[in-house]
Amino acid sequence: MATKIMGRGPWTGCAVLFLQSLCPSVNLLSLYKDNKGKFIVFKVIKLTLSDSAGGLEGYEILKFHDADPFLGVEIKFLDMSTCQQFLESYSSATMRQSLSQHGCRLLALPEEITVQTQLKASTHTLDPHLDQIELCLQQIHLSQPERLCDEEIEHLELQLQNQAFNHTQQPLPLTQEESVPINGFQFQNRVFKDRMLTQADVQSFSSGVGRQWKIVGRALGKNCRALKGPAIDNLAYEYDREGLYEQAYQLLNCFMQAEGRQAKLSRLVKALEDCKLTSLAESILDFQP
């Protein structure tokens with residue numbers, strides 16, 4: 001198990017994620033160098049890391065690097081479990097899919113972008129060794145961060161926090177005339193048309209939920225008999241070798257098979273809200289701030 005390499009004291013490590021869009025019309029490095037595009041690229045990467053590492057805790061972005069044609073993202077990991085979850089998401093390609101989805105949405109592209117990636121710890125390229133999680137964790141742990149968070153990153157983090165604050169403090173409330181229709185539901189003070197879950201929803205959920213799939217499953221299980229009792233743990237055991245994506249995929253498939261026409265989008269969004277995974281709900285709904 002990966003826990004064997006944990007020594008005494010806090011666990012930290014550093015890795016650099018290199019990103020290059022293979023879409024001719026999207027150059028991530030050039031966009032980041034542009035004043036207008038810088039914040040959007042930062043937000044895309046921040047959302048991707050949140051999806052891949054299971055939230056906003058356990059890591060921080062230290063600096064962006066010009067590694068033409070790649071954009072380098074230097075990441076400091078603050079605990080081993082977060083780093084391990086990121087590595088699993090990276091090795092299973094769910095991180096690249098999440099990056100493509102967020103990039104498509106925030107850059108207003110007609111389709112998802114294809115992204116080439118590389119992961120390094122110091123001078124060691126980790127991509128050939130992703131089937132050896134312990135070795136990758138060890139290399140990242142040995143690559144200790146040599147700098148504090150860059151001032152530019154601090155400014156972007158503050159800008160992102162202010163945007164989130166303004167969005168929550170100044171919502172666009174429904175007027176009295178705008179009641180939620182029977183076939184609709186409300187999310188972030190907006191009304192969406194309800195419908196049955198689709199395979200695209202399942203794929204988007206499975207790509208972004210990471211280790212939180214069990215928590216979402218228990219939230220869905222409050223009103224779904226098929227997900228009560230040991231059902232979720234049984235799914236975790238049965239699909240352990242296939243990884244987090246497949247476990248999450250099978251969770252929603254089980255929900256949809258059991259609930260039939262009642263396996264609605266609104267129920268999944270409500271479960272995600274209850275689990276404080278609103279960014280994933282926004283991604284599934286293609287929510288535009």
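**Cavity, sheet and helices of a predicted model**

Q: What residues line the largest cavity, then?
A: The lining is made up of Leu 17, Leu 19, Ile 45, Thr 48, Leu 49, Met 95 and Leu 99. By type, 6 of the lining residues are nonpolar and 1 is polar, with no charged residue.

Q: What volume does the largest cavity have?
A: Its volume is about 30 Å³. The count of cavities of 30 Å³ or more comes to 1.

Q: How is empty space like that found at all?
A: A probe the size of a water molecule is rolled over the atoms, and this shows where space is left empty.

Q: Now the sheet. In what order do the strands come?
A: The open sheet has 5 strands in the order E2-E3-E1-E4-E5, and their pairing is antiparallel.

Q: Why is one side of E2 and of E5 left without a neighbour?
A: Strand E2 (59–67) and strand E5 (124–125) are at the edges and each has a single partner strand, so one side of each has no neighbour in the sheet.

Q: How many bridges join E2 to E3?
A: There are 8 bridges between E2 and strand E3 (residues 70–77), and the two run antiparallel. As one example, Glu 60 has Lys 76 in E3 as its bridge partner.

Q: Which helices pack there?
A: Helix H2 lies across strand E1 (13–21), E2 and E3, and runs at about 135 degrees to E2. Helix H3 also packs on the sheet, where it touches E1, E2, E3 and strand E4 (115–121). The direction of H3 makes about 145 degrees with that of E4.

Q: What is the phi of Ala 93?
A: Ala 93 is not a glycine, yet its phi is positive, at about 75 degrees. This residue sits in the loop between H3 and H4.

Q: What do E6 and E7 form?
A: They form a hairpin with 2 residues between them, and Gln 188 in the turn has a positive phi of about 50 degrees. Strand E6 (residues 184–187) and strand E7 (residues 190–193) run antiparallel and are joined by 4 bridges. Phe 185, for instance, has Phe 192 in E7 as its bridge partner.

Q: At what angle do H7 and H10 pack?
A: The angle is about 140 degrees, and the axes are 8 Å apart. The crossing of H7 and H10 is right-handed.

Q: Which residues meet there?
A: From H7 they include Val 202, Phe 205 and Ser 206, and from H10 they include Tyr 245, Leu 252 and Met 256. The contact of H7 with H10 has 8 nonpolar and 5 polar residues, and no charged ones.

Q: Last topic: how much space lies in the second largest pocket?
A: About 500 Å³ lies in it. The pocket is lined by 26 residues, and those nearest its centre are Glu 88, Arg 211, Gly 243, Leu 244 and Gln 247. Helices H2 (35–53), H3 (80–91), H7 (199–208), H8 (213–221) and H10 (244–259) are the elements that give two or more residues to its lining.

Q: And how does that lining divide by type?
A: The lining of the second largest pocket has 8 nonpolar, 11 polar and 7 charged residues.

Notes: Residues numbered from 1 in each chain as written. Predicted model: local features only at pLDDT ≥ 70, side-chain atom pairs only at ≥ 80, totals over all residues. Heavy atoms only, no water. 1 Å grid on protein atoms, 1.4 Å probe; cavity = no way out; pocket = protein on both sides within 12 Å on 5 of 7 lines; lining within 4 Å. Points joined across faces, edges and corners; volume = space filled by probe spheres on them. Nonpolar A, V, L, I, M, F, W, Y, C, P; charged D, E, K, R; others polar. Pairing = 2+ DSSP bridges. Contact = heavy atoms within 4.5 Å. Axes fitted to C-alpha atoms, helices over the stretch in contact; angles between N-to-C directions. Left-handed = near helix turned anticlockwise from the far one by under 90°.
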